[in-house]
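Subject: Structure handover

Hello,

Here is the structure you will be working with. Please open it before reading on; the notes on what was found in it follow.

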Amino acid sequence: MKPIYKHFRRMPALCLLLVLSVSVNAQDSTAVADATTTVQEPNSPKPGSQSFLLTGEASSLFLASKDGNTFVPLTLMLMPLAKINDRLFLESGLKMEMQDDGSFGFGLEVLNLHYRVNPWLTIHAGKFAAPWGNVLDMFGEGFVSRFPIGPIGLSDDGMAPTDQVGFGVQGGFQAGKSKMLYDFYLANGPQLVVSTDGTSDNMTGHMSYDALSDNNKNKAIGGKIGILPFSNSTLQIDAFGQYAGKTGDAGSPYENVSSSSYGADFNYYKNFNNAMLRLRGQYEETNTSNATYQFIDTSGPKNYTFNNKGNSWYLEGTVRPTISSMNFLHDLELGARYAQYDPPKNALWGGEPSKQFTLDLTYWFTWSSQINLGYNIETDAGTKQYNEFVIRTLYKF
């Protein structure tokens, strides 16, 4: 597997909406009503009741290995956020990435409309990031990931949901001293990849999560349930899953091939006298019902099938000094991560497990801007594939 260099995901929508709500409420509280002042009522359609925030981030990479070194093209992520009224919010994201030929590629990362029913329920519809694990969801944002590259099998090339197009409900509430959160959705399902190409990189049996439109009448249902069991919120544990009963093209022999995915993650941090320790991990698995496929080589068409089941997982830890007479040491954070990806063994795109070990040293210029110095080692079926040094610079605005 090749390393993944897609680091720009969306912040959790609730956090962004909270920032907008707080900022607007603060502005409203300073208004003084007089004969010349128009007082805005909740959900008022009058001019002045809306607010807008433009945020985003930019980054660049440098890769060096025994085979050579290169600067990876710059990436810019713009995230316009709009508060239409006290209940209605628009979340969007546009990704711009420089190509090898010097041109820019554009992609719509998110376009999601939120309606806040009450403090514990928000309805949303559009294109959004699946509430799926802390790699792409909670810590998918580049400036909180700590590592310059994503864990193998758990980034955008994995076997589990990434982006979704549909609608959902999300929220959270207090449960005694603990906190609970939920995020459920109904969306266009994943699409089964089918090809008759006989090459080893044939992705037949893999799920594609990139399509904006559905290929049949079936929809996928999924979501996440999380708990923060401690009153100080130092630990969060999530369970998530998705099921799609039909993933093949309508009317094709593969229309009724189903796919189910599930997993769990955790995030824990602890402040000691002189350092802050953070531990994170995630496991996910995808099962796709078996089918008989066909590929064509020099000897003609051949039928084959395989147990279409795979999983990915990772564990990582970081430590950062919290008390130091030297500001430079105070702004450093050291991390280590191990990740493993087990694809279906007999798939044309599968085989033996791929493993990844990554070391990282982060220097924080500000709470959201950093430089990462990483050393990454990857093995495939016991054979070393990548051994590289990675530098990432990232600026959040």
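Predicted model: local features only at pLDDT ≥ 70, side-chain atom pairs only at ≥ 80, totals over all residues.

I start with Val 169, which lies in strand E6. Strands (E, at least two residues) and helices (H or I, at least four) are DSSP runs, numbered from the N terminus. At 28% relative accessibility, Val 169 counts as partly exposed; the term covers values between buried, under 20% relative accessible area, and exposed, over 50%, with a 1.4 Å probe and protein chains only. Leaving aside neighbours within four places in sequence, Val 169 is in contact with Leu 121, Thr 122, Ile 123, His 124, Tyr 182, Asp 183 and Phe 184, where contact means heavy atoms within 4.5 Å. Val 169 and Trp 120 are 49 residues apart in sequence and 10.0 Å apart in space, C-alpha to C-alpha.

Gly 171 is in strand E6 too, which runs over residues 163-175. With a relative accessible area of 5%, Gly 171 is buried.

Residues are numbered from 1 along each chain as its sequence is written, and side-chain values use heavy atoms, with hydrogens and water left out.

How far can the model be trusted along the chain? The average pLDDT of the protein chain is 83, and 84% of the residues score at least 70; pLDDT is the predictor's confidence in each residue, from 0 to 100. Over residues 1-40 pLDDT stays under 50, and the model has 88 contacts beyond four places in sequence for them.

Now the chain as a whole. The protein chain has three helices and 20 strands. Of its 397 residues, 45% are buried. Among contacts with a separation of 6 or more, 60% are between residues 24 or more positions apart. The accessible surface comes to about 19,400 Å², and carbon and sulfur atoms account for 61% of that; such areas come from the Shrake-Rupley method with a 1.4 Å probe, and for residues only the protein chains shown count as cover.

Next, the rings. The structure holds 13 aromatic pairs. Tyr 182 and Phe 184 have ring centres 6.1 Å apart and planes at 20°, so this pair is stacked. Rings of Phe, Tyr and Trp (its six-membered ring) pair if their centres lie within 6.5 Å; planes under 30 degrees apart count as stacked, over 60 as edge-to-face and the rest as tilted. Tyr 182 is buried at 14% relative accessibility, whereas Phe 184 is partly exposed at 35%. Elsewhere, ring pairs link Tyr 254, Tyr 293, Phe 295, Tyr 304 and Phe 306 into a cluster. Arg 337 lies over the face of Phe 147, 4.6 Å from the ring centre; a charge sits over a ring if NZ of Lys or CZ of Arg is within 6 Å of the ring centre and within 35 degrees of the ring normal.

Two polar residues come next. Ser 261 sits in strand E12 (residues 259-271) and is buried, with a relative accessible area of 5%. What does its side chain meet? The side chains of Ser 261 and Thr 286 are joined by a polar contact of 2.8 Å. A polar contact is a pair of N or O atoms within 3.5 Å; within protein, one must be able to donate a hydrogen and the other to accept it, and residues adjacent in sequence count only if both atoms are side-chain atoms. Beyond four places in sequence, Ser 261 has contacts that include Trp 132, Tyr 209 and Phe 240.

Gln 282 is found in strand E13 (residues 275-288) and counts as buried at 4% relative accessibility. Its side chain makes a polar contact of 3.0 Å with the side chain of Glu 284. Trp 132 and Phe 240 are among the residues that Gln 282 touches beyond four places in sequence.

Last, a loop residue. Ser 233 is in the loop between strand E10 (219-228) and strand E11 (235-244). Its phi is near 60°, a positive value in a residue other than glycine. Ser 233 counts as partly exposed at 23% relative accessibility.

Regards
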